[in-house]
Amino acid sequence: MSENKFSSQENLARCVPMSLLQSVIGGKWKILILWYVSFYKVQRFGELMRRLDGITQSTLTKQLRELESDGFLHREIYKEIPPKVEYSLTELGQSFLPVLNTMMAWSETYLCPDYKNPYD
């Protein structure tokens, strides 16, 4: 598990399952990264940079590495010039899709009821 402010022993002692989950997906951009990778199946670094308006290159790199380290993302490196890297969900990441879909449905219902999902 990646080290972050949610992975301290004090935080983990509160409610272990939820604290561990928060330590994995607790970054500002991680849920959106997982959402885009799940929706498009495969995403390149530049595609994620364009989709995540406001994220810095270093933050995206850090969050991708943490999600990879935690087993949610697979990084495929192609030996090309310029280098090509693609991200996809691992089996663990795919097992998280029902949670992401439930979060999306809840948000559409309670946070933005007038939202028209362009992906439906």
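## Strand 3 and its partners

Strand 1 and strand 3 run antiparallel and are joined by three bridges, in what is a predicted model throughout. Within this pairing, Val-42 stands opposite Ser-88 of strand 3. On the other pairing, strand 2 and strand 3 (residues 84-89) are also antiparallel, and six bridges connect them. Here His-74 is the residue that stands opposite Ser-88 in strand 3, while Ile-77 has Val-85 of strand 3 as its bridge partner.

Taken together, the three strands make an open sheet in the order 1-3-2, with antiparallel pairing. Strand 1 (42-44) and strand 2 (73-78) stand at the edges, and because each has a single partner strand, one side of each is left without a neighbour in the sheet. From one strand to the next the twist averages 30°. Strand 2 and strand 3 also form a hairpin, with five residues between them.

## The chain as a whole

The sheet belongs to a chain that has seven helices and three strands. Read from the N terminus, the elements follow the order α-α-α-β-α-α-β-β-α-α. The chain has 120 residues, and buried residues make up 32% of them.

## Helix 3 against helix 2

Helix 2 (residues 16-25) and helix 3 (residues 30-40) have axes that come within 8 Å and cross at roughly 75°. The two helices are therefore roughly perpendicular to each other, since angles of 65 to 115 degrees are counted in that class. On the side of helix 2 the contact involves Ser-23, Val-24 and Ile-25, which meet Lys-30, Ile-31 and Leu-34 in helix 3. By class, the residues of this contact divide into four nonpolar, one polar and one charged.

## Helix 3 against helix 7

Helix 3 also meets helix 7 (residues 97-110), and here the axes come within 11 Å and cross at roughly 110°, so that helix 3 and helix 7 are likewise roughly perpendicular to each other. Ile-31, Leu-34, Trp-35 and Ser-38 of helix 3 meet Leu-97, Leu-100, Asn-101, Met-103 and Met-104 of helix 7. This contact has seven nonpolar residues and two polar ones, with no charged residues.

Ile-31 and Leu-34 take part in the contact with helix 2 and also in the contact with helix 7. Ile-31, which lies in helix 3, is partly exposed, with a relative accessible area of 30%. Leaving aside its neighbours within four places in sequence, Ile-31 is in contact with Ile-25, Leu-100 and Met-103. The C-alpha atoms of Ile-31 and Met-103 are separated by 9.8 Å, although these residues lie 72 residues apart along the chain.

## Buried positions and a polar contact

The buried residues of helix 3 are Lys-30, Ile-33, Leu-34, Trp-35, Tyr-36, Val-37 and Ser-38. One of them, Lys-30, has a side chain that makes a polar contact with the side chain of Glu-66, at 2.6 Å. Glu-66 has its place in helix 5 (residues 57-69), and because its relative accessibility is 9%, below the limit of 20% used for burial, Glu-66 counts as buried. The contact thus links Lys-30 and Glu-66 through their side chains, with Lys-30 among the buried residues of helix 3 and Glu-66 itself buried.

Just after helix 3, Lys-41 takes a positive phi of about 70°.

## Met-49 in helix 4

Met-49 lies in helix 4 (residues 45-51) and is partly exposed, with a relative accessible area of 26%. Not counting residues up to four places away in sequence, Met-49 touches Ile-55, Thr-56, Gln-57 and Leu-60. Between Met-49 and Thr-61, which are twelve residues apart in sequence, the separation in space is 9.9 Å, C-alpha to C-alpha.

Methods: Residues numbered from 1 in each chain as written. Predicted model: local features only at pLDDT ≥ 70, side-chain atom pairs only at ≥ 80, totals over all residues. Heavy atoms only, no water. Axes fitted to C-alpha atoms, helices over the stretch in contact; angles between N-to-C directions. Helix = DSSP H or I, 4+ residues; strand = E, 2+ residues; numbered from the N terminus. Parallel < 35°, antiparallel > 145°, perpendicular 65-115°, else oblique. Contact = heavy atoms within 4.5 Å. Nonpolar A, V, L, I, M, F, W, Y, C, P; charged D, E, K, R; others polar. Pairing = 2+ DSSP bridges. Buried < 20%, exposed > 50% of the residue type's maximum accessible area, 1.4 Å probe, protein only. Polar contact = N/O pair within 3.5 Å; in protein donor to acceptor, adjacent residues only side chain to side chain.
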